[in-house]
Every structure is written in C-alpha cells, then in structure tokens.
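User: I'd like to go through this model with you, one question at a time. Shall we start with the sheet?

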Amino acid sequence: MNDHNRQENISTGNKRLAAKLALAVVGMFAFGFALVPLYDVICDITGLNGKTAGRYESSEAELVVNQTRSIQVQFMAQNAAGMQWEFRPNEPLVTVSPGEIRVISYKARNPTDKVMVGQAIPSIAPNAAAQHLNKLECFCFQEQVLQPGEEVDMAIRFFVDEAISERINKLTLSYSLYDITASSKAGKEIASNR
Amino acid sequence: MLPKAKLWLGLVMSVATFWSVNLQAAWELNMPQGVTEISRETYDLHMQILWWCVAIGVVVFGVMLYSIILHRKDRGAVSATFHESTKVEIVWTLIPFIILILMAIPATRVLTQAYDASESDLDIQVVGYQWRWEYRYLRDDPQEEEVSFFSVMSTPREEIANQLPKSENYLLDVDNPLVIPVNKKVRFLVTANDVIHSWWVPDFAVKKDAIPGFINETWVIVEEPGIYRGQCTELCGIDHGFMPIVVHVLEQEEYDAWYAGRQEEARQLRELANSEFGSIEEALSQGEQVYQQNCVACHQPEGTGMPPAFPALSGSPVATGNQRANIDLLINGVPGTAMAAYGRQLNPIDLAAVLTYIRNSFGNATGDLIQPAQVNAILQEGQ
Amino acid sequence: MSAHDDHHHGPAKGLSRWLFTTNHKDIGTLYLWFSFAMFLLGGTFAMVIRAELFQPGLQFVDPNFFNQMTTMHGLVMVFGAVMPAFVGLANWMIPMMIGAPDMALPRMNNWSFWILPFAFAMLSSTLLMDSGAPNFGWTFYAPLSTTYAPSSVTFFIFAVHIMGASSIMGSINIIATILNMRAPGMTLMKMPLFVWTWLITAYLLIAVMPVLAGVVTMMLFDIHFGTSFFNAAGGGDPVLFQHLFWFFGHPEVYIMILPAFGVISAIIPTFARKRLFGYDSMVYATASIAFLSFIVWAHHMFTVGMPLAGELFFMYATMLIAVPTGVKVFNWVSTMFRGSMTFETPMLFAIAFVVLFTMGGFTGLMLAITPADFQYHDTYFVVAHFHYVLVPGAVFSIMAAAYYWLPKWTGYMYDERLGKLHFWMSFIGVNILFFPQHFLGLAGMPRRIPDYALQFADFNWISSVGGFLFGASQLILLVVVIKCIKGGKKATAEVWEGARGLEWTVPSPAPYHTFTTPPDPKHIHAQ
C-alpha cells in the first residue's frame, strides 16, 4: 500500500513538473518573439546593423557647430529587386562639421507607365556612425508615390553629432529603394481606383 | 582470363586518364598567404593556432596511444584505482586558458586593423544579384561620367555540361573583372539586390556578406599587381556556384587609363543606344552570347526552362506574342519571381539582341528584329 | 484489465504493440529504428552530393536539385537521424540507469515518437512536388527561404514545428523521469554521466526548440500574411533571422554532442576497467558548455558585419568553450591511462570518437579566431569541421552505444568480427571522406556548390571515394543488428567485464518491465 502511495505521489509530481516545463516552453516561444523588438532596441542603442534611428526630435536651436572637425558624408543608392525607378544622389559626397545642418537630395524617376509606390531603406557604414547621423527630415520617413514618368528631387536634412568617434572621418549613407506598390496602403488605393 | 585482363586494363586506363586530366590541378593544401598585410597576418594567425592544436594533439593523443599500447589487458595490465585529482584538473584547466589568451591578443589586433576602413583612396559599391556582381565606382562629382558594370561568369555552359573541355580558369572567369589600383586603400561598400550573397577573395582575406537593404564595409590595400579570383560564399539560389569574382590589380597609370577608357565607353554607349543592327544575323549572334551569360541558368540552353519556377521560352506566349509586352517584361522583370529587371542590368543593344534571339530560337519563329533604339525609347519613356 | 495488472503482462502482439505502446523500451526501439532509417535516407542524399562532386562539371543532377539535396541531407541527419537516436537511447537506458520502472509520462512518450514519422513524411514529400523540396540550406537564411523560397517551404515549416513538438515532449519526459523517478539512493551525483548529459540536453532543448518554432512561425507570417520580420522593405532585417536561428542553432550543436559525451563516459571506463576520471568535473564541464552555448551564437555570423565589439565578444566567448571541452577529453584519456584495456567494438568507436571529435574541436578553435574565420567561413573547411564533430563525433558515439547495449537489448552478443569490420571501414572511410575537405576549404572551395574549379578536383574525388566507402559500410551495421536480434551467443546480465551501473544488474535481454520495485540501494555506486 505504501508502494502504491509512493507511485501516486510520483505521478502527480510528474504532471506538475511537466506542466511547469510546458510553461517554460511557452515562455521561450514568447521570448523568441520578444527578441524581435529587443533586437531593434539594441540596434538603436549600438547601431548594430547600421540602421539609422527615426526622426531627430530634439530642438535644433541648441546645436553647436564644431568648426574644428570635418567629416565626409557619402551618399549611395541602389534599387532592390524588381524596382525600376532611376534613383541616385544629386550630391554623392559632402563635407560637414559636427552640428552643422545640411540638406541634400536624391533624384527619383518612375520610367514605367504605372503609378508606383517606393520605400527607401537607409543603412550606414561604418555602423558605429549610425547613431550619430541625425535626420531632421528624410524621404525615407514616408512612402513615395510617383506618377508614370514623374521625376522628383527628394530631400534629406541631417546633421552629424559631436559624439561621433574621432576615428570616423567618412561615413556612407546608403538607401535601398523597394517597390512596395503591391503591399502599401497607397498602392492598394491606386489599384482599386483603376 | 581474357575478359578479366581487359577489365583490369580498362580500369588502369581510366584511372590513368583521370590522373592526367587532373594533373594541371595543384595539390593545394593550405590557406593562401595572399597579397595584403591583413591576409598575411591572417595566415600567420591561422598557422599559429594550427601549431598550438598540433602540439596539444601530440601530447593528448601521445598519452592516449601510450596507454593503448601499454595498459592493455592482454599485456597483463592491472587497472589503477585513482579517479580524481584536483591538482591535475586545475592545471589542465589553466593551461588551455593561458594558451587562449596568447591567441586572443594577436587575433584582436588583426581584427581591429581589418575593421578600420577609414582614409580610403577609392570607394567601390559592390552589389550582389542572383547571380552576378555589380561594381559601381563612387564619384565625388556627379557631373563626372559614372563607371559601373555587371560582372558575370563567362565560362561557357557547354564546359559545365561536359560538352567542351574545361578551360584553365573554369568557373572562375568573368566578362568584366573588377579593376583596382595597386597599393591604394580601396574601400568596398557591399550590399545585395535580392538575397544574401558574400563577396570573397581569398588572396585579400576579405569576405563580407552582401545583405539586401543593408551595407557593409571592408577594404584592401593590394601590394602586387595581378589577377585574383574568388567566389560567392553564401548560398544564394541555383547559380550560387556560378558567380565568381575576378579582380585585376593594376599599376596606378594603367588603372587611370582603364578608368578613362571605361568612362569613354559609357559615353559612347549612350550614343550607340539609338543605333540599329545591320542584319538579323548580327543581332542573333550577339543575342546568343547575352543569352548564354544571363538567361541560360534558368531558361536552359534549349529554352525549355524548369517549370513551374522557370517558364519555358520555347513556344511561350510572351516570346512569340506582342513585342512591346516582351520588351516590358525583360526590362521590368516579374516581381516576386526570379525574373530580374534587366533594364537596369543590360544596355539597350544587348537587350535588343537577346530579345531578337529568343523570338527567333527554340522553335519560336516570329522573324522579329528588335532594334536598340526601340528598346531605348521604352527605357526613356516618360522623360 | 485493471491498471495494476498492466504492469506485469508482456508486450501486446502485432502492429498494435508498436502503435499503442507506452513502454519505454518499445519506444526506445522505435526511435532507434526510425533514426537508422533516416540515417540511410540522409545518407542517400549525401551519396547524391558526393556523386555529383566526384568530378568537375555537372554529371547527374542540376544545381537546383543539388541544393535540395544539401538542404534535405542536413535536415534529415540533424532532426531525423542524430536527435531521435539519442532520444531512443535515453528512452531505453535512462529508466534502467536510475532504477525507474518506466518514463515519467508514458502516453506522451508514445505521442512524441509517433508524430515524428509524419513530420518526415511531410518533409520528404516535398521532393515529389512541382516546386521541388526546400533548396535554401538547412540553415534556411531569409530572404532566400522566404521571399525567394519554393512553395514547398510551408510544408517544411510545419514539418519543423512537428519535429520541435516531438523534441520538446521528449525533453519534458526525460527531465520529469530524471528528477522524479530515481530509485531511492540514486542521488544526482551518483547518476551515470549519460543521465546527467541528457538532463542538461533536455533543458537546452526546452530553451531553444521554442525559439526555432518562433523563427519558422515568423517565416510563415512573412510568406503568407505580409509581415516583415526579415524583409528590409518593411523595416525588418535579414540578419535578425540569423541571430534568432543561431540562438537556437548553437545550443542545438551541443544538443547533438552532450549525450555523446555521456555515452563515451560510460564506455571508456567499462573497457578500461577503471572508474571514470573526474566525474564531478565532467558534470561541471557539461553544465558550463551548456551555459556557454547560449552566448556564442554569433560566431556563425562573423562575416555579416557586426561591430568590432560584438565580434570580439563572440570570439572570446567561443574560445572559452575549449576549456571545459578540453577537461572532458583530458578526463577520458586519464581514464584510459593505467587502465586494463580491451578493444571490443564499442571501445574502438569510443576511442575513435575521442581522437576525431577532438580534431573537430581543434578546427572549431581555429574557426573561433575571427580574422581566420573570414577565410574559413562558408568553405569546405567548415564542412570538414562540423562533419568531424557530427559523424565520427555524434554518429560514432551512437554506434558505440548501439554495440555497447545491443546485448542488453537483444540478449545475444553481436558478431564481434563483423562489428570490427564495420568499425574499421567506417573509420577509414570517414577520414578519407572528410579529411581532404580541410584542404579544399583552405584552398578556397566554398560550400554548397554543385560544381567547382579545376584545382579542387583531386581532393573532391578522393573525398567522394571515402564517402562511398563510408556509406556502404553502414550496411554492415544493419546486418550486425539483424543477426544479433535473431540469435548468437547468449549474453550474461553483466555483458561486459568492467561494466558498472544498474542496467547491468537486470538480465539480458532486459525484461519488458524492469525495476517495478526499486533496486536495492546497495547496488547503487558512485560512478
């Protein structure tokens, strides 16, 4: 009988432990998904993947220009698969001082006979520079809708902040242009209006 | 007896031919020392860690072999009873630790150096495509003529299919090699158009992933002029094995001349874009070359494709139907499939040639001659 | 039939015995046969790969099918052959080693096995589909596996989900068995190392299999529901995929090797007739390897362009793993030192494991050196490295375990001559197969290519010859096992002269039910 009790105890113990472990499994599954925003946060803080942060929100009036340093900012463009727009920087290379606000522009032209929606995705090399290039205004903040044959100049207002490492004297800001006509809201409206 | 002898003779013969075929192949055993400071230092690190491993291996396997030879039951060995020793265990935890520190120091130094891409003399954008590389020489001045081109494997498909003898640089030749000057710091900004690729030249000890939407930087200072070859090293689909990298390293003056020549070519090409083929034969022979380099992987030598992923061109409604629709498809690609937008990858002359070719091959008999001007007009539409 | 009677009857007859069984020995047998079948299937894929690579040029398959072969070979071997083999061994041996009557959750045990054949049927069926099987490598990097994937990718995703569920259920069962079902007197530090390594492995599985499930779920959403986890156009990042995958993938490497350490730690003392050297440090080393496995994942991604600090951190952490792994190897050698050794087949496989796994460890250490890794990464050097760790590593340990415990399972001794033949052919074959691949990688041959430049021709045909030899010799194992089930010399309860542990106190073959009453604590010795 004692033996029987022992088995009962073990059996409830097993089920309880199994339930706890199952909970751990659910937790780890959730953790996998939690890693996605966590990764973004880590990237924002460390510039891990060279992605630039969003819009610079602080007051620009407080910016102090450091005339003693100059940094070259190089602009690059490429099209992702399936994107037919002509897309290139109007000024491939500018020299700025930390704190100095500059405006440059990219040219984009839709050579097709369809209305198209584009989205530019920024990336910076070296990636340690990513968190120090601050954009006040950028065409990459919005989707770009271009009519057939339309050509536009798209601006970026930016500055490089003082905290950028002394060793970085040149950084490259690159935009990859994607065709999001099929997936974007604007693109769907165009399709439904046709 | 005779059949058996014949069999043996046959075997010997085939092995002999096999060896002679492979005679040209060097028995390369080790990592190349390469032609940059970083590549030599990397080689040194590699040899250093290798010798540490050999040394540890000799000691550990030596003790093991000694035990296997001497401490065996059939030699009357009686087993000892010891089964732990804190002192010994601490020692063999510490010794590897010290070796690791000795290795980590030079590795850190080399890595830090390899990561410093600042103060470059020349910047080149490297873009991976399925299955080719694009090189763009970045300019400071937008008015300057841009030098940019695609680099596609030029080994004929017949060699791969064993229909032609294999050439010396089988699978490692391209139509347009990357050209850089010697002893200059060249910075590469590496990215991709579609999937992840990886740009590797062993002699430079440079391997960087090309990731769509992101850029990576790396650099070289090559110390010896020459031709250096590498390959894509990240699985990127069907033709991952067929997108080699070839770099010509030239003396500065030769490089300058080459660069100026390329600029001149780009200028001329713009004018030629509105030219016309003299005859359909001219278009067909050029078109076949373009097809062999760009289309054959998916659409196959006989235009049969590999349905459903890669449609046949032979008898296809597009290749035999409306010309404009066919030109549009080639220029713009088919989103969501492997069919790239070739309008950005080939010039109008090549586009027209290959269109003419596919519309008059594989049993397609439209008789159409597509002219570069016609394609160019569509490319420029809306302007 | 009352529940009480259930404990004392023998196995049911016919197919239903296997379908409905909740007996740990039956389920262990099912796992082992399944794993062997998958080993032959994955091996067939490998033979296709080696045949194509025998000579330069394309001879047998087109590049797309070649990519399907490398992908399926990896998936089948990792999830179908190695992991189920260890789960099978765990099912058979853990209850007998700790004096438990069965696994803790027998019905779940039945489930965790029987969903596996469905997963692999689903995965293999993709080979017959129009789109072809998955062709993006077993590491299935996005966007090649999402935006650019063949439509069979959805079947692949569900197959991975089912495999994951099976592993997770198996691990829960193993943990519950080890923590709750030990016989009185079987304290944690008296458990055989195979039990210890499996306990730690099971925790690893519970920690990382759900992450893999999460990754493939994200892929599913990206492919079918328009999310952008891994698509840069929508604000995602393909590199995130690699981080998540290797957060699973690196512990996965240890999931495949820790139980092997347990097997080797059982076999070497038996045939050296000497207690295992440094039992405690073995346990601590296993635990530290498991811990370190969570903080080294990005060493698979040194070329993706991480910041310098990240590269350095992952380099140092990876190098650290050499320390506990070294401790294990030193302990095994010290166990052999001044023993009284004999060299039956299990011992031969175990010794080969120590040597060849250590060589895989050495190349692992070389790969940890980041600048050198830039040269090794994604070349045949890496292929040689992980095949050394997994084939003469994990697979040899499974074979060693099979030979070691076969007499206990069947009641008969296996054919020692055939066993030795199998060993020597495997040993020679595996080295001819994989050793030249080091040279290929160093000379610059990338992995996963169906055709190669001429300077790689010689080592490739040598490697292929080794591959065919190794492949063919595995059929000997099949013969040995079938012969041993049919009959042979009767095995004693102890089987091996120097064997220690509870499994050797029960008769051979082990009765259908063992330890329905706990063993006498005086039979429980320190290991």
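**The sheet in chain B**

Analyst: This is a predicted model. Chain B has an open sheet of five strands with mixed pairing, in the order S3-S2-S1-S5-S8.

User: Which strands of chain B stand at the edges of that sheet?

Analyst: A strand at the edge has a single partner strand, so one side of it is left without a neighbour in the sheet. In the order S3-S2-S1-S5-S8 of chain B, that leaves strand S3 (148–151) and strand S8 (216–221).

User: How many degrees are neighbouring strands of this sheet turned against each other on average?

Analyst: Take the average over neighbouring strands of the sheet and ignore direction.

User: How many bridges join S1 to S2 in chain B?

Analyst: Strand S1 covers residues 122–129 and strand S2 covers residues 132–137, and the two run antiparallel. B:Tyr129, for one, stands opposite B:Arg132 in S2(B). The number of bridges joining S1 and S2 of chain B is six.

User: Which element of chain B gives the largest share of the side that touches chain C?

Analyst: The contact takes 80 residues from chain B and 80 residues from chain C. On the chain B side, helix H2 (37–70), helix H3 (86–114) and strand S7 (206–210) each supply at least two residues. The largest share is 14 residues, and it comes from H3(B).

User: And how many residues on that side of chain B are nonpolar?

Analyst: The side of chain B that touches chain C also has 22 polar and 12 charged residues. The nonpolar ones number 46.

**Chain C**

User: What radius of gyration does chain C have, and why does it agree with a compact globule?

Analyst: Chain C comes to 17 helices and zero strands, and its C-alpha trace spans about 65 × 50 × 45 Å along the principal axes. With 527 residues, a compact globule would have a radius of gyration near 24 Å, so the value for chain C agrees. That value is 23 Å.

User: What percentage of chain C is buried?

Analyst: Among contacts in chain C with a separation of 6 or more, 82% are between residues 24 or more positions apart. Out of the 527 residues in the chain, the buried share is 67%.

User: Where in chain C does pLDDT stay under 50?

Analyst: Chain C averages a pLDDT of 93, and 98% of the residues score at least 70. Where pLDDT is low, the predicted coordinates should not be read in detail. The stretch in question has three contacts beyond four places in sequence, and it is residues 1–7.

Technical notes
Residues numbered from 1 in each chain as written. Chains lettered and ligands numbered in written order. Predicted model: local features only at pLDDT ≥ 70, side-chain atom pairs only at ≥ 80, totals over all residues. Helix = DSSP H or I, 4+ residues; strand = E, 2+ residues; numbered from the N terminus. Rg over C-alpha atoms; globule rule 2.2 N^0.38 Å. Buried ≥ 20, exposed ≤ 12 C-beta atoms within 10 Å, placed from the backbone. Contact = placed C-beta atoms within 7 Å. Nonpolar A, V, L, I, M, F, W, Y, C, P; charged D, E, K, R; others polar. pLDDT = per-residue confidence, 0-100. Pairing = 2+ DSSP bridges. Axes fitted to C-alpha atoms, helices over the stretch in contact; angles between N-to-C directions.
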